[in-house]
Amino acid sequence: MNNTAIYKVIENGKETNLHSSFAGGYSYPILLYTKAEKIAADMRSNGSLSKCGIADVLLLMTADDIFPEEHKGKKIFCPGSVWDDHFFTDRRIERHDDYSFFITLNYDKREIRYRYNLNTFGFDLDDHTLVIGSDEYEDITGYEITDPAERERIYHNVLKQHSGTYWAEWEPVITAKCVLNRRVYSFSLPLPEGEIYRIKHNYHLSDIDEMKVESAVTNQKYLDFALCCTGKTLSRLQELALWTCKQRMKNIYPNPLQVFAAVMMTADEHTMSEVLAVTKNIGRYKLCIALHDEDYGRTVIEDNPSSETPEQLLEGVKRFINYDDYGEWKVKNDRMTETDFGYVGLRTAAEMRDRKGKTNG
């Protein structure tokens with residue numbers, strides 16, 4: 001995940017929205033909350049700056065030692081527009097992953113609220129409010145850590161102990177419209193087991209697939225092409241939604257959902273059975289994030305994703321005079337298909353063996 005964030009600062013009833021490209025995360029909101037408050041108090045003690053607000057202070061702050069080296073000296077925040085307030089109330093706007101964190105610094109209530117964009121990969125926490133001065137706050141701030149990455153891991157683990165992961169696992173990704181006895185019902189998937197039991201009991205069903213799926217929409221861009229498939233049933237959409245929730249909680253690159261979306265784009269239409277078959281065999285596919293054939297050729301040479309020997313790489317490269325020709329040839333030779341998400345194709349038997357060995361090791 002990235003650390004892009006929208007902050008809402010509340011002080012004396014006034015709300016201010018700020019943007020940051022690197023001050024999301026688990027520890028930065030807490031550290032900035034107390035630091036900005038202290039600086040504002042010092043500035044107010046000077047009569048000429050008595051009206052200085054905490055949001056004003058945050059806009060002036062630059063990254064110091066609590067941030068990674070590459071950010072030091074940069075302005076932490078820039079002003080946000082009024083429309084950004086929708087990010088805090090309307091999950092439909094979170095369809096894309098431009099912002100990972102939605103942070104509220106509430107100085108009136110003495111609390112910090114975390115909301116996570118679950119379309120950004122790697123989140124396994126529920127939305128959570130941290131009360132300044134609480135036992136939880138003391139548990140988190142009791143650590144003195146200088147390494148930003150290590151501090152993020154520790155703060156995440158402490159927040160996880162207090163906030164839980166239930167809703168992160170079950171946050172809906174698909175809305176299915178179903179018909180039963182000429183009546184239309186709408187369901188947000190995935191459904192907890194208890195909800196499935198309730199539906200079957202209330203509507204006297206032996207199987208939820210007795211409800212006919214009329215349409216299905218998603219707030220996950222990686223499912224768009226999958227939901228254009230034929231043969232949709234409620235139980236199969238439930239299976240797809242459960243799989244999606246598990247994958248989006250993985251902080252790996254490329255995420256299986258990116259691979260899945262690329263595979264879906266390799267054909268104009270899929271059946272629901274084919275869609276689920278891809279989810280069960282997602283490890284067989286590889287994805288190279290590249291914009292065009294030349295880019296793919298450069299990536300193959302520089303990163304060697306297929307673990308070719310130097311001799312094998314040289315044998316392919318020496319036949320060409322530029323990356324474009326080499327990339328075009330390599331795409332065909334590797335049987336890769338270009339999609340909006342990159343080049344996708346099946347792993348070879350050798351690649352599967354090598355991948356299994358690395359996983360087991």
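Before the entries I note a cut-off: axis angles under 35 degrees count as roughly parallel. The model is a predicted one.

Entry 1, helix packing. I looked up the pair H7 and H9 and found a packing angle of about 25°. Their axes lie 11 Å apart. The angle is under the 35 degrees cut-off, so I logged H7 and H9 as roughly parallel to each other. I recorded their crossing as left-handed.

I listed the residues on both sides. H7 (234–248) contributes Arg 236, Leu 237, Glu 239, Leu 240 and Trp 243. On the H9 side I have Met 272, Ser 273, Val 275, Leu 276, Thr 279 and Lys 280. Sorted by class, the H7 and H9 contact holds 6 nonpolar, 2 polar and 3 charged residues.

I asked which residues of H9 are buried. In this helix, residues 272–280, they are Met 272, Val 275, Leu 276, Val 278 and Thr 279. Looking down the axis of H9, I see these buried residues within an arc of 150°, so they line one face of the helix. I then checked what covers them: the cover includes H7, helix H8 (256–264) and strand S10 (285–288).

I located Asp 98 in the loop between strand S3 (78–79) and strand S4 (101–106).

Definitions and conventions: Residues numbered from 1 in each chain as written. Predicted model: local features only at pLDDT ≥ 70, side-chain atom pairs only at ≥ 80, totals over all residues. Heavy atoms only, no water. Buried < 20%, exposed > 50% of the residue type's maximum accessible area, 1.4 Å probe, protein only. Helix = DSSP H or I, 4+ residues; strand = E, 2+ residues; numbered from the N terminus. Arc of directions from axis to C-beta. Contact = heavy atoms within 4.5 Å. Axes fitted to C-alpha atoms, helices over the stretch in contact; angles between N-to-C directions. Parallel < 35°, antiparallel > 145°, perpendicular 65-115°, else oblique. Left-handed = near helix turned anticlockwise from the far one by under 90°. Nonpolar A, V, L, I, M, F, W, Y, C, P; charged D, E, K, R; others polar.
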